[in-house]
Amino acid sequence: MFARVSTYKTSLGTTGEPSEDTVRRVLELPGCVGLYYLKGKDDKSLSITLWNTQEALAESQEPAGRIRSETSREQDMQILDVEEFEVLTEHLKQ
């Protein structure tokens with residue numbers, strides 16, 4: 001599994017939480033297996049998308065970038081960083 005982590009600076013008083021439409025669009029990208037959105041302190045937030053293969057991660061760069069840019073404008077957020085990772089361990093307590 002692979003992950004793309006995007007870091008944002010949100011505007012004061014907003015969460016930057018993505019709309020249901022944005023979530024749907026991301027999850028419909030081929031190979032996407034999940035999405036997390038985290039709101040931190042100091043108006044910082046993260047989105048983490050999970051991909052089943054490195055190829056799916058690579059092929060999603062352009063469409064995910066468009067969605068990220070559109071959502072950032074809509075939510076008045078600044079994109080600070082976008083990084084990609086291989087997921088080495090995955091454990092969720094059921």
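Okay, quick housekeeping before we start. Because the model is predicted, local features need pLDDT of at least 70 and side-chain atom pairs count only at pLDDT 80 or more, while totals for chains, interfaces and linings use all residues. Residues are numbered from 1 along each chain as its sequence is written, and side-chain values use heavy atoms, with hydrogens and water left out.

Let's begin with the charges. How many salt bridges are there? The count comes to five, where a salt bridge is a side-chain nitrogen of Lys or Arg within 4 Å of a carboxyl oxygen of Asp or Glu.

Take E84 and R4: their closest N and O atoms are 3.0 Å apart. E84 sits in strand β4 and R4 in strand β1, so this pair ties together parts that are 80 residues apart in sequence. When I say strand or helix, I mean DSSP runs, numbered from the N terminus: E for strands, at least two residues, and H or I for helices, at least four. So is R4 buried or exposed? R4 is buried, with a relative accessible area of 3%, whereas E84 is partly exposed at 36%. The cut-offs there are under 20% relative accessible area for buried, over 50% for exposed, and partly exposed in between, with a 1.4 Å probe and protein chains only.

Next pair: R25 and E70 meet at 2.8 Å, N to O. R25 is in helix α1 and E70 in helix α3, so here parts 45 residues apart in sequence are tied together. R25 is partly exposed at 25%, and E70 is partly exposed too, at 27%.

Then there's a local one. R24 and D21 form a salt bridge at 2.3 Å, N to O. The two are three residues apart in helix α1, which means about one helical turn separates them. As a reminder, an α-helix has 3.6 residues a turn, so residues three or four places apart point the same way. D21 and R24 also belong to a salt-bridge network together with E28.

Now over to helix α3, residues 61-75. It has 15 residues and reaches 20 Å from its first C-alpha to its last, close to the 21 Å expected at 1.5 Å a residue; that expected span is 1.5 Å times one less than the number of residues. Which residues of α3 are buried? They are P63, A64, G65, I67, R68, T71 and S72. The cover over the buried residues includes β1 (2-9), α1 (20-27), α2 (54-59) and β4, and contact, by the way, means heavy atoms within 4.5 Å.

Most residues other than glycine have a negative phi. D76 lies in the loop between α3 and β4 and is exposed, at 51% relative accessibility. D43 is another non-glycine with a positive phi of about 55 degrees. D43 is in the loop between β2 and β3 (44-51), and at 22% it counts as partly exposed.

Both of those aspartates turn up around T10. T10 is in the loop between β1 and α1 and is buried, at 4%. Leaving aside neighbours within four places in sequence, T10 has contacts that include Y37, K39, D43 and D76. The side chains of T10 and K39 make a polar contact of 2.8 Å, meaning a pair of N or O atoms within 3.5 Å where, within protein, one must be able to donate a hydrogen and the other to accept it, and residues adjacent in sequence count only if both atoms are side-chain atoms.

Back in β1, T7 is buried at 11%. Setting aside neighbours within four places, T7 touches K44, S45, L46, Q78, I79, L80 and D81.

Over in β2, residues 32-39, we find G34, buried at 12%. What separates the C-alpha atoms of G34 and T49, which are 15 residues apart along the chain? The separation is 5.7 Å.

Last stop, the surface. Y36, L38 and L92 make a nonpolar patch of about 300 Å². L92 is in the segment after β4 (78-86), and is exposed at 56%. That's my tour, thanks.

Note on methods. Patch = residues over 30% accessible without salt bridge, like charges linked within 9 Å, V, L, I, M, F, W, Y side chains within 5 Å. Areas by Shrake-Rupley, 256 points an atom, 1.4 Å probe, with all protein chains shown as cover.
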